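Please have the sequence and the model at hand while reading.

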Amino acid sequence: MFQFISQLALTNLRKNKVIYLPFALAVGAMSSLIYLFASLLNNSSLQNGFGGQTIKMTLNLGYTVVQIAAFLIVMYANSFALKRRTKEFGLYSILGLEKRQIQLVMMMEQVYFAFSSVVLGLVLGMLFDRFLYATLVKLMALDTFSYEMHFDSVLKVLVTMAVTFLVTILYNAFYIQRVKAIDLMKSQKKAEKKGHFLVLRTVIGLAILLGAYYLAQSMENPLMALNLFFTAVILVVIATYILFDVGSITFINFLKKRKSYYYQPKNFIALSNLAFRMRKNAMGLASICVLSTMVLLTLSTVTALQYGVGKAVNQMFPYENVWQETARNYLVEPDYREEIEDEVSQLISEAGFSVEEDTALWSVNLYGNQAGEVLQADEASANTMPDLALSLISTKDYNHFSQTSITLQPGEVALAVMPKQTTFSQISFLTETVPVAQTVDGTALVQQFPALQTAVVKDHYFIVTNNLDELVKTYLDEEFSPQYFYSWTTTNGITDAEQKAEYQAYHALVPEDKSLCYRNKYEMKSALFELYGALFFVGVFLSICFMIGTVLVIYYKQISEGYEDQQRFTTLQEIGLDQGDAKKAINRQVLIVFFLPLITAFLHSVMALKMVNAILLVFGIQKNTILPVLAVVGMVFALVYYIVYQLTSRTYTKIVYAKE
């Protein structure tokens with residue numbers, strides 16, 4: 001008996017290869033991805049290097065998401081295969097097989113299928129493991145290359161996929177146990193029931209979607225955007241499923257009422273077929289839309305991070321080195337400035353370098369917010385999320401940097417802004433609101449001032465005053481101590497090796513109590529390349545996961561509808577519909593099914609741009625970096641989507657015209 005059941009299980013897999021071959025490729029790909037992430041997580045050289053904990057956290061996130069994605073993809077594909085084969089299981093029951101025997105056949109199918117697919121995935125993972133490790137090292141700009149292979153990575157894949165397929169076996173057994181043979185024979189031919197309260201549900205869906213769009217468009221504060229991003233995502237996903245469900249029904253009903261459009265052969269047939277299974281269509285289309293949006297935004301965001309890291313570092317460090325030291329109190333002491341400069345000069349001399357270019361200034365740094373035409377410079381101690389970074393500097397330093405000679409009366413302040421920045425007529429300090437006497441150009445300051453505290457805000461402003469001491473004492477609080485910034489570049493060179501040697505030389509000489517004062521461009525660049533390289537790597541592979549899910553949903557949707565439409569088109573041709581009109585109807589139906597989710601995914605992505613831009617500011621990436629990246633990613637994705645459309649359309653057509 002066991003031999004018969006085993007043979008039957010293998011025969012069933014071969015007979016249903018149109019269903020199980022894409023399923024096997026998807027399982028193999030997901031097994032490979034799980035193995036690759038597990039292998040990287042077990043690599044000690046990555047974890048022990050600079051930023052190792054950040055890298056581990058990023059890879060752990062990717063590993064968890066891939067495991068969840070693998071489970072969902074397997075469950076979806078298994079559910080499709082089960083529903084597609086219900087008539088087959090019904091025949092087994094009518095021919096005399098008991099339910100437990102059918103369950104045993106299905107279990108053996110899952111065992112054989114899982115074993116072959118997972119082994120394929122592990123082989124592919126092991127083949128590409130070394131190459132992908134080298135790619136990650138390159139993206140992160142690491143010097144070390146120490147490849148390690150652990151059996152633990154294989155074990156993690158086996159455990160993950162064993163648990164996943166155990167769930168499918170139990171699900172299949174429960175499904176067979178609770179349905180009758182006659183129901184299995186009829187389940188594929190049932191039309192779906194029409195929904196109720198379509199208008200109300202449409203209004204609710206539109207309200208949720210517009211609310212999510214408003215949230216994304218109104219969000220300018222980077223930290224708040226980061227906190228509310230997943231809320232907006234959940235709202236968009238819910239609204240997408242609601243609107244594709246009720247929206248598709250409402251839209252089809254609207255087209256059916258337009259007699260001049262509906263009573264044309266290609267439109268009549270396409271709309272009738274869509275209406276027959278509109279709810280299942282809606283769920284499939286919504287899933288394709290959500291997965292496509294995830295591919296577009298994930299890949300665009302991590303690419304923008306990788307693309308913009310160089311600009312981010314240059315903005316933070318106009319010079320190679322920065323010494324940032326806080327004054328002993330709120331007073332700007334000339335003697336203290338000389339002490340700091342002497343200390344830094346001695347450091348440079350002991351390291352064996354000479355200064356090629358340098359600059360220095362005192363500034364008081366705090367955060368603020370915008371309130372109409374008033375710039376609120378009193379938010380540093382408040383429990384709010386600031387919109388702006390503010391630097392208070394002296395008129396003397398401003399004139400030195402900008403090569404100008406502005407003058408201010410005692411008590412007056414000027415506001416230095418960049419082109420296209422919002423201007424303000426007043427500045428509100430802790431104790432008093434003062435008018436802005438002059439608005440001046442801040443371009444030179446932004447180009448030379450170390451932007452170390454501006455990453456989490458949308459804009460940086462400079463407030464210029466004759467006397468920093470007096471301004472702090474009068475309008476702020478003596479706790480706001482000025483900071484002295486001394487920036488310099490040496491004649492050492494500009495190659496990575498030379499910059500690394502310079503950083504190591506300084507780092508070895510800086511006293512322990514001043515270790516936080518010294519910042520270096522090479523150090524920051526290395527840290528960001530490691531972080532953003534790891535994020536890019538994880539993002540690309542997560543995009544691959546989402547793309548696998550998208551293609552699988554599209555493919556199964558096409559073959560499912562192909563089998564369902566096969567008898568209908570055969571009947572229509574028997575009553576006089578020629579093959580040309582039938583093909584036009586098929587093309588029209590497939591066109592609607594395919595490109596509606598793509599258009600909606602692009603709409604979701606465009607509406608999310610402002611929020612994603614704000615989030616990227618947290619990582620130091622300049623505004624609008626993601627727009628050209630999304631355009632390129634969108635074109636590539638649309639091309640891949642079109643190729644999938646062409647391939648699956650051919651499969652659908654072949655099934656429709658296949659002889660029964």
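## Thr-301 and its surroundings

Thr-301 lies in helix H13, which spans residues 278-316; helices (H or I, at least four residues) and strands (E, at least two) are DSSP runs, numbered from the N terminus. Once neighbours within four places in sequence are set aside, Thr-301 is in contact with Val-612, Leu-616 and Ile-626, contact meaning heavy atoms within 4.5 Å.

## Basis of the model

This is a predicted model, in which local features need pLDDT of at least 70 and side-chain atom pairs count only at pLDDT 80 or more, whereas totals for chains, interfaces and linings use all residues. Residues are numbered from 1 along each chain as its sequence is written, and side-chain values use heavy atoms, with hydrogens and water left out.

## Helices H2 and H7

In H2, the residues Val-27, Ser-31, Ile-34, Tyr-35, Ala-38 and Ser-39 meet Ser-153, Val-154, Lys-156, Val-157, Thr-160, Met-161 and Phe-165 in H7.

## The chain as a whole

The protein chain has 21 helices and 10 strands. Of its 660 residues, 51% count as buried, that is, under 20% relative accessible area with a 1.4 Å probe, protein chains only. Among contacts in the protein chain with a separation of 6 or more, 84% come from residues 24 or more positions apart. The accessible surface of the protein chain comes to about 31,100 Å², of which 63% belongs to carbon and sulfur atoms, by the Shrake-Rupley method with a 1.4 Å probe.

Terms used: Buried < 20%, exposed > 50% of the residue type's maximum accessible area, 1.4 Å probe, protein only.
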